[in-house]
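Here are my notes on the model, in the order I'd go through them. Have the structure open as you read.

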Amino acid sequence: MTGLAYGWECALARRWPGTAMADDAKAPTRAPRAAVADPGPREYAALNDAMDRYARGEAAAFSVLYERLGPRLRGFLMRVSGNPATADDLLQESFLRIHRARGAFSAGAPVVPWALSIARNVYRDHLRRKKLRDPAIAPRYEDDDDSPEERLPSTAGHPEELAVAREAADIVRRALAALPVSQREAFVLLRFEHLSVEEAAEVLGTTATAVKLRKFRAAEAIREALAKRSEEAG
Amino acid sequence: MSRPEEDLLNDLPDPFAEALARPLPAPPAAAALPPAKTRDAVGRLRLAALLAAISYEGLLLAITGLRSDLGAAPRAALALLVVSPLIAGGLALYAASRTSSGASVPARVAGWTALAASIFAAGAVIAEGSGHAGHAASVWPCVLMTLLLGAGPLALGLFAFRGAFATGAPARSAALGVACGALAASTLALECAGGGFTHLLVGHGAGMLAGGLAGLALSRSQRA
């Protein structure tokens, strides 16, 4: 690993103190853990209960659902669409569809994969509408008026570390943007949404094997992008 | 410190971390939400659709009349021709409506639907082998009749399951269509005295195939 790449890794660790890299910077012998925390079974149980109550007609449960499920759906929509403003619009549409489909939600079923499926359908419909408006547009990240800096970490910190951190995040964003939609969806669901392969397969309407393959290809593409930058830095 | 590339991927920075840290937009106002059925209401709607579908079959049967050999046809064979499509339809409806968890919804639904079709085919074959001995008849009038018998239940089924399928909408909608075609085949067994493997499988089974294709074509409206 080159000097700049090593420095980049340490900078990332200091910039994202909650990550495993940060822990390793302090205690290199500790095993790495997930950078984004899995909500845990208690939270899932609370979500499933809220959806069950909403399906039975309890209106107050909608706000609970929105508060607890909203961040997850927004995260998924933002990472697959690449546009925070679009993600917020699609989030509203997703909850509208969740509301409409509440009667079809089976008692005792897990709500997170179901809701993510609906969010994915919303995103796919959004892509279809865009393509109908302009067939030349390939399904990829959307250009928006926001400056790319607004999507990157804030400017506090050592200049070199900051530059490295921003660059790393931008490399990941560009690598995600370059992926086919199916690979991006699979990677986001497994890497950021903490779904199991089987759950991701259900959301994506495909087999577990296909999900693993899509994730592998996405990971390879991102890895290559990171390695290429490392080589350029070295 | 050197790190395998896999660990680096596991610790990828989230390019949208700061955007996601911003507060959620306000939820849709309760007053702005359109009316949406609860689970109980959906259950009642689907039951009503099923009863309406059966009534539709009964009405058409009343118009066309029962088969002329109803008293003379072997009861076991006749029962098989009526019941095996109902079992097939039940399986296909189960495949369509059950919320699944786990992988490969389309493959699972397709498996159940294929089993349903096999049960229908087996019933027809066994009935013929058991002395059904219906008269030779052209398949085409029965093809048309089964399409007519299946159209009403399919319309009712698509209405009852509108926007219900978050995952696997094409496969589930096709299974719903197969179920409606199976109901049509069961009804037709009470109306048509025609026999022969080809007649029963093609003439009476056409509704299942057509229903499946129609369900597949109209699956967009069934997607949540």
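1. A word on element names: helices (H or I, at least four residues) and strands (E, at least two) are DSSP runs, numbered from the N terminus. This is a predicted model, where local features need pLDDT of at least 70, side-chain atom pairs count only at pLDDT 80 or more, and totals for chains, interfaces and linings use all residues. Residues are numbered from 1 along each chain as written, chains are lettered from A and ligands numbered from 1 in written order, and side-chain values use heavy atoms, without hydrogens and water.

2. The largest pocket: α5 (84-100) of chain A, plus α3 (39-64) and α6 (139-160) of chain B, each put at least two residues into its lining. The biggest share comes from α3(B), with three residues. The volume is about 520 Å³. Of the 21 lining residues, A:Arg100, A:Ala101, B:Arg162, B:Gly163 and B:Ala164 are the closest to the centre. (On a 1 Å grid over the protein atoms alone, a pocket is an open set of points where a 1.4 Å probe fits, with protein on both sides within 12 Å along at least five of seven lines; lining residues have an atom within 4 Å of a point.)

3. Now the rings. Over all chains there are seven aromatic pairs (Phe, Tyr or Trp ring centres within 6.5 Å; planes under 30 degrees apart are stacked, over 60 edge-to-face, the rest tilted). A:Tyr54 and A:Phe62 make a tilted one, at 5.4 Å centre to centre and 45 degrees between the planes. A:Phe62 also pairs edge-to-face with A:Phe95, at 5.9 Å and 85 degrees. A:Phe62 belongs to α4 and A:Phe95 to α5 of chain A, so this pair ties together parts 33 residues apart in sequence. Ring pairs join A:Tyr54, A:Phe62, A:Tyr66 and A:Phe95 into a cluster.

4. Is A:Tyr54 buried or exposed? At 3% relative accessibility, A:Tyr54 is buried (under 20% is buried, over 50% exposed, partly exposed in between; 1.4 Å probe, protein chains only). A:Phe62, at 7%, is buried too. The charged end of A:Arg102 sits over the ring of A:Tyr54, 4.8 Å from its centre (CZ of Arg or NZ of Lys within 6 Å of the ring centre and within 35 degrees of the ring normal).

5. By contrast, A:Glu67, in helix α4 (residues 61-81) of chain A, counts as exposed because its relative accessibility is 59%.

How values were computed
Points joined across faces, edges and corners; volume = space filled by probe spheres on them. Phe/Tyr/Trp six-rings, centres within 6.5 Å; stacked < 30°, edge-to-face > 60°.
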